[in-house]
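This briefing is meant to be read beside the sequence and the coordinates. Please keep both open while going through the points.

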Amino acid sequence: MTFVTTDTAPPGEPKKTSRAGRNLPAAISVGVVLGGTVIATLLWAPQLWVALVALAVALATHEVVRRLREGGYAVPVIPLLIGGQAMIWLTWPYREAGALGAFGATVALCMIWRLLSGGLKAAPVHYTRDVSVTIFLAAWVPLFGAFTALLIYPNQGGYHEGAMQVFCMMLGVVASDIGGYTAGVLFGKHPMVPAISPKKSWEGFSGSLLFSIIVSVLSVHFLADRPLWVGVPLGIMLVITGTLGDLVESQVKRDLGIKDMGTLLPGHGGLMDRIDSILPSAVAAWLVLEVLA
């Protein structure tokens with residue numbers, strides 16, 4: 001989620017491909033493919049949504065683990081990957097209880113795994129640091145991803161109703177991104193959090209709020225058959241969680257001294273660079289659509 005300021009690059013630096021610093025042709029092409037895959041799955045095979053989420057969670061988890069290991073953190077990848085899949089798939093029969101139970105089991109397994117990583121005769125080094133990072137990652141990617149799966153499960157309207165809930169979340173996040181990007185490019189002059197993400201501006205944040213609320217109000221009414229007012233808290237929550245999700249990843253990358261989490265998606269970086277705002281937004285969407293409304 002980009003709230004672009006209008007600051008120009010210092011003299012001597014190469015010109016960026018866009019004022020947002022993106023390779024726009026590649027980013028647009030990848031975005032179309034990703035968006036088409038999501039739309040096709042939700043419209044014609046919503047039962048496969050959980051599998052798509054599980055694949056995305058596995059790839060994103062692996063990206064972050066690899067980067068953390070490059071930064072010197074001893075993060076146990078095997079229990080994280082297995083536990084992450086359990087958090088997603090156990091939502092199928094057990095819903096929220098399945099995700100929460102799998103998360104608890106994953107944390108316990110990772111704590112034991114790291115404790116015994118040096119064998120029974122050697123005490124692990126930086127145990128508290130590494131376990132803390134591992135628990136953070138387990139919540140950040142697979143647990144938040146489980147809420148993306150929880151949105152799809154049928155209520156009275158079957159899988160179609162669940163697909164429309166996912167659409168509401170996705171449309172709100174996309175509208176926030178487009179609104180923030182457009183307002184940031186056109187009007188962005190006041191950096192929002194320059195110490196973490198210098199391209200974000202308060203003007204872009206305002207554009208995100210406006211676009212996201214409008215799109216969320218329309219989508220919850222016409223797609224999810226909910227009252228218009230539900231779109232207001234949904235739009236606000238999606239902007240807040242999406243922005244914070246993006247800032248969290250920016251700070252993690254800053255700590256690790258990297259630009260992108262990976263290279264899987266040209267113009268975007270890694271998969272985690274694309275879904276960083278979607279993961280916490282899924283939690284917000286589930287709270288609004290399943291609990292509040």
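This is a predicted model: local features need pLDDT of at least 70, side-chain atom pairs count only at pLDDT 80 or more; totals for chains, interfaces and linings use all residues.

Residues are numbered from 1 along each chain as its sequence is written, and side-chain values use heavy atoms, with hydrogens and water left out.

**Helix α4 and Thr 106**

- Helices (H or I, at least four residues) and strands (E, at least two) are taken as DSSP runs and numbered from the N terminus; on that basis helix α4 covers residues 91-115 and contains Thr 106.
- The end C-alpha atoms of α4 span only 29 Å, whereas a straight helix of 25 residues would span 36 Å at 1.5 Å a residue, the expected span being 1.5 Å times one less than the number of residues.
- At Ala 97, α4 bends by about 75 degrees, where the bend is the angle between axes fitted to the seven residues ending at a residue and the seven starting there.
- Burial is assigned by relative accessible area, with buried meaning under 20%, exposed over 50% and partly exposed in between (1.4 Å probe, protein chains only); the buried residues of α4 include Gly 98, Ala 99, Ala 102, Phe 103 and Val 107.
- Because its relative accessible area is 4%, Thr 106 counts as buried.
- A polar atom of the Thr 106 side chain lies 2.7 Å from the backbone oxygen of Ala 102.
- Leaving aside neighbours within four places in sequence, Thr 106 is in contact (heavy atoms within 4.5 Å) with Pro 79, Leu 80, Gly 83, Gly 84 and Met 87.
- Among the elements that cover the buried residues of α4 are α3 (77-89) and α5 (127-150).

**Helix α7**

- The 21 residues of α7 should span 30 Å at 1.5 Å a residue, and the end C-alpha atoms of α7 are 30 Å apart, which agrees.
- The buried residues of α7 include Glu 203, Phe 205, Ser 212, Val 217 and Val 220.
- These buried residues of α7 pack against α6, the strands β1 (191-193) and β2 (197-201), and the helices α8 and α10 (278-292).

**Salt bridges**

- With a salt bridge defined as a side-chain nitrogen of Lys or Arg within 4 Å of a carboxyl oxygen of Asp or Glu, the count comes to 9.
- Arg 67 forms a salt bridge with Glu 70, the closest N and O atoms being 3.0 Å apart; because these residues are 3 residues apart in helix α2 (residues 49-70), about one helical turn separates Arg 67 from Glu 70.
- Arg 67 is buried, at 17% relative accessibility, and belongs to a network of salt bridges that links Arg 66, Arg 67 and Glu 70.
- Glu 161 and Arg 226 meet through their side chains in a salt bridge at 3.9 Å, N to O. This pair links distant parts of the chain, 65 residues apart, with Glu 161 in helix α6 (residues 158-187) and Arg 226 in the loop between α7 (202-222) and α8 (231-256).
- Arg 226 also counts as buried, because its relative accessibility is 13%.
- Lys 253 forms a salt bridge with Glu 249, with 3.8 Å between the closest N and O atoms; Lys 253 and Glu 249 are 4 residues apart in helix α8, so about one helical turn lies between them, and both are buried.

**Cysteines**

- The structure holds 0 disulfides, a disulfide being a pair of cysteine sulfur atoms within 2.5 Å.
- Cys 110 is buried at 4% relative accessibility, and Cys 168 is buried with a relative accessible area of 0%.

**Exposed loop residues**

- Ala 195, found in the loop between β1 and β2, counts as exposed because its relative accessibility is 60%.
- The C-alpha atom of Ala 195 is 9.8 Å from that of Arg 254, although the two residues are 59 residues apart along the chain.
- Thr 263, in the loop between α8 and α9 (271-275), is likewise exposed, at 73% relative accessibility.
- Between Thr 263 and Glu 63, which are 200 residues apart along the chain, the C-alpha separation is 9.3 Å.
- Once neighbours within four places in sequence are left aside, Thr 263 is in contact with Gly 269 and Gly 270.

Definitions and conventions: A polar contact is a pair of N or O atoms within 3.5 Å; within protein, one must be able to donate a hydrogen and the other to accept it, and residues adjacent in sequence count only if both atoms are side-chain atoms.
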